[in-house]
Amino acid sequence: TLSFDIDCGQQIRGIIQSARRILKTFGYRLQDRKTRILRSHQRQSVLGLTVNQTVGIPRATRRRLRAARHRAAAAQAEPTFSPAQLQGWESFERMVRRSR
């Protein structure tokens with residue numbers, strides 16, 4: 001993952017080409033299908049976390065966790081996650097929130 005303050009296509013292409021050459025010298029190759037250029041107004045995700053201005057959990061995951069909490073609190077509803085899974089997700093959420 002590379003991040004820059006510039007938004008000049010020509011400079012970014014040059015940086016990608018430099019990275020491609022460096023990787024090649026070590027026997028690696030840049031995967032073109034995995035190369036993405038995202039602007040500041042787009043959701044930038046790395047390893048399942050949104051990393052635009054601050055690191056956070058994506059909205060869909062937060063909503064799914066909130067719904068799972070709601071279902072776990074309801075006595076008659078079938079829980080979405082087991083208690084251990086829910087505790088793990090809540091710990092993950094606290095860890096990400098603390099890192100801000």
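**Entry 1: ground rules**

I call a residue buried when its relative accessible area is under 20%, exposed when that area is over 50%, and partly exposed in between, using a 1.4 Å probe and protein chains only. The model is predicted, so I note that local features need pLDDT of at least 70 and side-chain atom pairs count only at pLDDT 80 or more, while totals for chains, interfaces and linings use all residues. Residues are numbered from 1 along each chain as its sequence is written, and side-chain values use heavy atoms, with hydrogens and water left out.

**Entry 2: salt bridges**

I began with the charged side chains, taking a salt bridge to be a side-chain nitrogen of Lys or Arg within 4 Å of a carboxyl oxygen of Asp or Glu. My count by this rule came to 5 salt bridges.

I looked up Arg-39 and found that it forms a salt bridge with Asp-7, the closest N and O atoms being 3.0 Å apart. Arg-39 lies in the loop between H1 and strand E1 (45-46) and Asp-7 in the segment before H1, so this pair ties together parts that are 32 residues apart in sequence. For these names I rely on DSSP runs, numbered from the N terminus, with helices (H or I) of at least four residues and strands (E) of at least two. Arg-39 is partly exposed, at a relative accessible area of 30%, whereas Asp-7 is exposed, at 56%.

I then turned to Glu-90, which forms a salt bridge with Arg-69, their closest N and O atoms being 3.1 Å apart. Because Glu-90 lies in helix H3 and Arg-69 in helix H2 (residues 59-73), the pair ties together parts that are 21 residues apart in sequence. Both partners are partly exposed, Glu-90 with 22% relative accessibility and Arg-69 with 29%.

Arg-97 is partly exposed, with a relative accessible area of 47%, but Glu-93 counts as buried at 12%. I wrote down as well that Arg-69, Glu-90, Glu-93 and Arg-97 are linked in a network of salt bridges.

**Entry 3: aromatic rings**

Which residues make up the aromatic cluster? I paired the rings of Phe, Tyr and Trp (its six-membered ring) if their centres lie within 6.5 Å, calling planes under 30 degrees apart stacked, over 60 edge-to-face, and the rest tilted. My search of the whole structure finds 2 aromatic pairs. Trp-89 and Phe-92 form an edge-to-face pair, with 6.0 Å from centre to centre and 85° between the planes. They are 3 residues apart in helix H3 (residues 83-99), and so are separated by about one helical turn. Trp-89 is partly exposed, with a relative accessible area of 29%, and Phe-92 is partly exposed with 29%. The cluster I was asking about is formed by Phe-81, Trp-89 and Phe-92.

I also checked for a charge over a ring, which requires NZ of Lys or CZ of Arg within 6 Å of the ring centre and within 35 degrees of the ring normal. The charged end of Arg-64 sits over the ring of Trp-89, 5.3 Å from its centre.

Is Thr-50 buried or exposed? I found Thr-50 in strand E2 (residues 49-50), and with a relative accessible area of 15% it is buried. Counting contact as heavy atoms within 4.5 Å, and leaving aside neighbours within four places in sequence, I listed the partners of Thr-50 as Arg-43, Gln-44, Ser-45, Val-55, Gly-56, Ile-57 and Pro-58.

Leu-47 lies in the loop between E1 and E2, where its phi is near 55°, a positive value in a residue other than glycine. Leu-47 is exposed, with a relative accessible area of 85%.

Gly-56 came up again when I looked at Met-95, for the C-alpha atoms of these two, 39 residues apart along the chain, are separated by 10.0 Å. Met-95 has its place in helix H3 and counts as partly exposed at 48% relative accessibility.
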